Amino acid sequence: MNNTASRHPIDQSHAVADTYPSRKGLSSITDRQDPVIYAPQNSTPPIDPSQIEQFEQQGFIVLDNIFSSAEIEALQDESARLRSTASNDEQSEKAYTEPGHHEVRSIFSLHENSTVFKKLMMDERLAGLARYILNDQVYIHQSRLNYKPGFIGKEFFWHSDFETWHVEDGMPNMRALSMSVTLTENHAHNGPLMLIPGSHKKFIACEGKTPRQHHLASLKKQEYGVPSNEHLSMLVEKQGITTVTSKPGSVIVFDCNTLHGSNGNITPHPRANVFFVYNALSNKVAKPFCEQPPRPEYLCARSNIKPLTPSRSF
């Protein structure tokens, strides 16, 4: 397998089979058709095998104390710098603010605009694990800083990332995962990540039709591509909810199809996490599975795809 970074332009007119149709009628729930762990069973994982088993069963794992205090301090300083410059002309389209406020909610394309976060995305503690689970070369489908400011940080409603990436970006299969590096303490009261264990093994097709330029509204408040209350209630009744509390330097790894969300933050304590979405090179996006043009490159790598070579350079 060639690990040399290169560009792979994608023909946006190319279409593949819609294995997971959604936003085409009534809400429905079906079984997942893809593996969760793509690595061969006899291979040696870069983390404890029990954690790989937990990821397969629950759709997520929490890895504590992965980054040192010095590394986290550097990441915190860089995230503060990006937030302070998010309103300039070059970065403004990639930054989203809280509804009704000017506080930054999300900044996208971190790895393209920050040498610090570019090194982080290639760190073997992240990229190496992603390559193992997905058993392929990987690239960054999307990167972002999620910042939930104190008192005004709004919720992120329940959703499966894959449903959006499939419908609006044209990601063919469930061969991607997210890694969230916690930059501030995520405690029980400042809107930490919540996940539904085992939900990654079901696909929930959502109601509604994708509006034009949906990302301009959905990244502030998502109303399309969200599961029905009925299906959410059914899954939560069977499998419960896990609220992830973690210290700075921890990493939350979750499957692309795991249902997750977070409450608003009415405490004085902000919450900041860095997200990298690793997609298998064999799972590159094609034509979106909706009647809308592709989303911007900063939300979905489509023409600028660079396979990563994991390193310990950070």
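Author: A residue is called buried when its relative accessible area is under 20%, exposed when it is over 50%, and partly exposed in between. The model discussed here is predicted.

Reader: Is Glu 71 buried or exposed?

Author: The cut-off for a buried residue is a relative accessible area under 20%. Glu 71 has a relative accessible area of 15%, so this residue counts as buried.

Reader: With which residue does Glu 71 form a salt bridge?

Author: The closest N and O atoms of the pair are 3.0 Å apart. The link joins distant parts of the chain, from Glu 71 in helix α2 (residues 69-84) to a partner in helix α5 (residues 124-134), 54 residues apart.

Reader: What is the relative accessible area of Asp 123?

Author: Asp 123 and Arg 125 meet through their side chains in a salt bridge, with 2.8 Å from N to O. Asp 123 is classed as buried because its relative accessible area is 0%.

Reader: Which side chain meets Lys 24 in a salt bridge?

Author: Lys 24 is exposed, because its relative accessible area is 59%. The distance from N to O is 2.8 Å, and the partner is Asp 18.

Reader: What is the count of salt bridges by this rule?

Author: The rule asks for a side-chain nitrogen of Lys or Arg within 4 Å of a carboxyl oxygen of Asp or Glu. Besides the pairs already described, Arg 23, Glu 163 and Glu 168 are linked in a network of such bridges. The count comes to twelve.

Reader: What percentage of the 314 residues in the protein chain is buried?

Author: The accessible surface of the protein chain comes to about 13600 Å², and 50% of this surface belongs to carbon and sulfur atoms. Of the 314 residues, the buried share is 54%.

Reader: What share of the contacts with a separation of 6 or more is between residues 24 or more positions apart?

Author: The protein chain has eight helices and 13 strands. Among its contacts with a separation of 6 or more, the share from residues 24 or more positions apart is 88%.

Reader: In β10, which residue is the bridge partner of Met 194?

Author: Strands of a sheet pair through backbone hydrogen bonds, either parallel or antiparallel. The open sheet here has four strands in the order β6-β12-β8-β10, with antiparallel pairing, and its edge strands are β6 (156-159) and β10 (242-243). Strand β8 (residues 193-195) pairs with β10 over two bridges. The partner of Met 194 in β10 is Thr 243.

Reader: Which helix gives the most to the lining of the second largest pocket?

Author: The second largest pocket has a volume of about 180 Å³. Its lining includes Pro 49, Ile 52, Glu 53, Glu 56 and Tyr 132. With four residues, the helix that gives the most is α1.

Reader: What distance separates the C-alpha atoms of Tyr 132 and Pro 46?

Author: Tyr 132 lies in helix α5 and is classed as buried because its relative accessible area is 13%. Leaving aside neighbours within four places in sequence, Tyr 132 is in contact with several residues, including Ala 39, Pro 40, Pro 46 and Ile 52. Although Tyr 132 and Pro 46 are 86 residues apart along the chain, the distance between their C-alpha atoms is 7.6 Å.

Notes:
Residues numbered from 1 in each chain as written. Predicted model: local features only at pLDDT ≥ 70, side-chain atom pairs only at ≥ 80, totals over all residues. Heavy atoms only, no water. Buried < 20%, exposed > 50% of the residue type's maximum accessible area, 1.4 Å probe, protein only. Contact = heavy atoms within 4.5 Å. Areas by Shrake-Rupley, 256 points an atom, 1.4 Å probe, with all protein chains shown as cover. Pairing = 2+ DSSP bridges. 1 Å grid on protein atoms, 1.4 Å probe; cavity = no way out; pocket = protein on both sides within 12 Å on 5 of 7 lines; lining within 4 Å. Points joined across faces, edges and corners; volume = space filled by probe spheres on them.
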